Amino acid sequence: MIKLYDTGVYLINGTEIIPDSHESPVQLAKAGKTTDKRSAKRNTIAYSILSKHNTSDHEKQLRLRYDSLTSHDITYVGIIQTARASGMTKFPMPYVLTNCHNTLCAVGGTINEDDHMFALSAAKKYGGIYVPPNLAVIHSFNREMMAGCGRMILGSDSHTRYGALGTMAVGEGGGELAKQLVGRTYDVSAPDVIGVYLTGKPQKGVGPHDVALAIIGATYQNGCVKNKVMEFVGDGIANLPIQFRNGIDVMTTETTCWSSIWCTDSETKDYFGIHGRPDAYQELKPGDVAYYDGMIYVDLSTIEPSIALPFHPSNVYTISELKANAADILAKVEKDCLAQLGNKNLSMNLLGKLRNGEIHVDQGIVAGCAGGTFDNLCDVADILDGHSVGNGNFTMSVYPDSQPNYLELVRNGSISRIMASGAVVRSAFCGPCFGAGDTPANGELSIRHTTRNFPNREGSKPGEGQIASVALMDARSVAATAINGGRLTAATELDVNFSHPKYYFDQGIYEKRVYDGTGKAEPEVQLQFGPNIKDWPVIPSLTEHLLLKVVSFITDPVTTTDELIPSGETSSFRSNPLRLAEFTLSRKDPLYVSNAKAVQALEIAREGGDMASVNAQLAGVYEKLKTVPDMESLDPAEVGIGSTIYAVRPGDGSAREQAASCQRVLGAWANLAQEYATKRYRSNLINWGMVPFLLDGNPEFAKDDYLYIPNIRTAILEGAESIPAYVLGGQVKTITLRIGNLTEDEKKILVHGCLINFYRSEL
């Protein structure tokens, strides 16, 4: 059972929940407590950590400095290049550079390994930590070596979550890490804090993904935790091993929350002791009376094995519910998925997986920061022990999340039992999570204990007639399905003796292979560049007036960052801004790049003084512009020309800044949206000089319309929250665009054109 409170709540002594109402003072008095709401808000764990890291004098407008940073090999080149261009001379804090995404080095010749060598040279030059390929996935290394109670970590991966280890971690776009690297702060309004009260104990066979999916299913659609902190409390925490907690925690990203934090206890203390870092532990718990802006009550004993069907982790059903209503549910999901893809030539055929009343899947994967943990793979080994995954269509692979974990799984025999079943054991690699490893065949359905199941996230390309799909499940039910030849099976249907072997950690593996130059910058070291590593192109500053063409118009309820810039093989080009930009919206709007380039060519001509060619193409638009009040004498040469996209709710999913920067290098000046799915995507837009406009109600423009936005530069500098704009379509119409609240730095970033320009201006 999951219950969502529709009010704030007081939590008394960590156990008693009192909803916020006119009766709450009386109930507090009966409990022997008297407090005001403001004081009680300060008694959350989140408040104590945020206030410790806040460098401003204002508790509502935070300016945060983090304890450490972390990036992987899709993101760190761009971040370091941005920071270098902005004046960075050394890493001012520990910065972990992992190599767990572009690990295969199978696309583009040497370019992936060139990035790795760039990172090693950067770690030496600026004083960072370099984790070689195949050694650990980003979040596992940070759990093992960097997390600590009361700390804050900022990562350029959306699943940067270490709350179960007492660490408030945030996944953001690369621009926010670059700010930390040049001594700036992470500026954010103090987030609301939502309590997650856990009680009871999971039944045998239920794993962390089951709990996580249940929470995601209950919270994502209503947005009750969007951009907020989820604070886990309650007596049920004591019933969860630390790896179980980590498995729930990493998936909080899929609720669209901003960060997470948990109460800590002896389990947490033991974890740090095993990792040789006992000083990283401290007890964290809310004060005697803590106020939460909302509460999610979770009875762990009622959670069942679950499955998140395509194309989102929130599309959750219990496995028993799905099996009882398979035809109806699969038909609905198939219809919704094809509508979301918008390609009428595709055939998904989820219903074809239903045979003789049973659902049959084609592949099982347990991998990454969510699936490849020690406890998960030990339980998988217990289920697979003495069985076969078969020699038919069904295949299974597991990916231990770090070499120390892998070594212990070898030592305790789990790996041998997994391999003996016919499952394939691979090294630490995030590939299955973003379409760069174990891509299913066309038409296949893969069940995975990984983080996401967005469209094409598994690697298929609908634009080329391919479609495969992923359903998320817990590792235990993936294994249960495997021993039944791919017939969908919940782990609770089996009678398994889970052995729960003791966890050990051999740090010597990292000592032998990881380069740790923290605090030991060597300025004389030369960065090692490969031919694919390019500097950011010159980005123009914002003009006083803008003329924007709507080159893409997306009406899906949500647009993910995977749709804005696809993952998979495109990841290899993330160190080359112009090359990567060629993939922008390629799986959602294949004409976007050419249309955006055509608009960009007009701006290049304007900047070069060639107004004759601009007028030749925009004569009709300029004629309409003259009908706008007070515009008769406007010189078109003074109006910047750019592209924009409209999407209902863009930016769900990954933190990757390239979802914004690729639009920018193709000449985009803005996004238009009903709302932004995450804070991090809005930040990415701003850091790349793109105005994050908001609309109230349905748009009064269409694809290929031009919008004229006068005095936008002045409006931003003066802090205007909205601005009039004009639709130059069949008729000239006036609309209002909202800009929303901007910090002083965000205003300067936008008018300078991007983060790099702003910092250069201050050097």
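A residue is called buried when its relative accessible area is under 20%, exposed when it is over 50%, and partly exposed in between (1.4 Å probe, protein chains only). This is a predicted model, with residues numbered from 1 along each chain as its sequence is written. Local features need pLDDT of at least 70 and side-chain atom pairs count only at pLDDT 80 or more, while totals for chains, interfaces and linings use all residues; side-chain values use heavy atoms, with hydrogens and water left out.

**View 1. Tyr 676 and Tyr 681 form a tilted aromatic pair.** Rings of Phe, Tyr and Trp (its six-membered ring) pair if their centres lie within 6.5 Å; planes under 30 degrees apart count as stacked, over 60 as edge-to-face and the rest as tilted. The structure holds 20 aromatic pairs. Another tilted one joins Phe 91 and Tyr 126, at 5.4 Å centre to centre and 40 degrees between the planes. Phe 91 sits in the loop between helix H4 (76–85) and strand E6 (95–98), and Tyr 126 in helix H5 (residues 111–126), so this pair ties together parts that are 35 residues apart in sequence. Helices (H or I, at least four residues) and strands (E, at least two) are DSSP runs, numbered from the N terminus. For Tyr 676 and Tyr 681, the ring centres are 6.2 Å apart and the planes are at 40 degrees. Tyr 681 is buried, at 1% relative accessibility, and Tyr 676 is buried at 6%.

**View 2. Helices H14 and H15 pack together.** H14 (residues 374–384) and H15 (residues 403–411) meet at an angle of about 30 degrees, with their axes 10 Å apart. Axes are lines fitted to C-alpha atoms, for helices over the stretch in contact, and angles run from 0 to 180 degrees between N-to-C directions. The two helices are therefore roughly parallel to each other (under 35 degrees; over 145 is roughly antiparallel, 65 to 115 roughly perpendicular and the rest oblique). Here, Phe 374, Leu 377 and Cys 378 of H14 meet Asn 405, Glu 408 and Leu 409 of H15, where contact means heavy atoms within 4.5 Å.

**View 3. Leu 580 lies in helix H21.** This helix spans residues 577–581. Leu 580 is buried, at 1% relative accessibility. Leaving aside residues up to four places away in sequence, Leu 580 touches Ile 565, Thr 570, Phe 573, Arg 574, Gln 658 and Cys 662.

**View 4. Tyr 66, Tyr 186 and Trp 258 form one aromatic cluster.**
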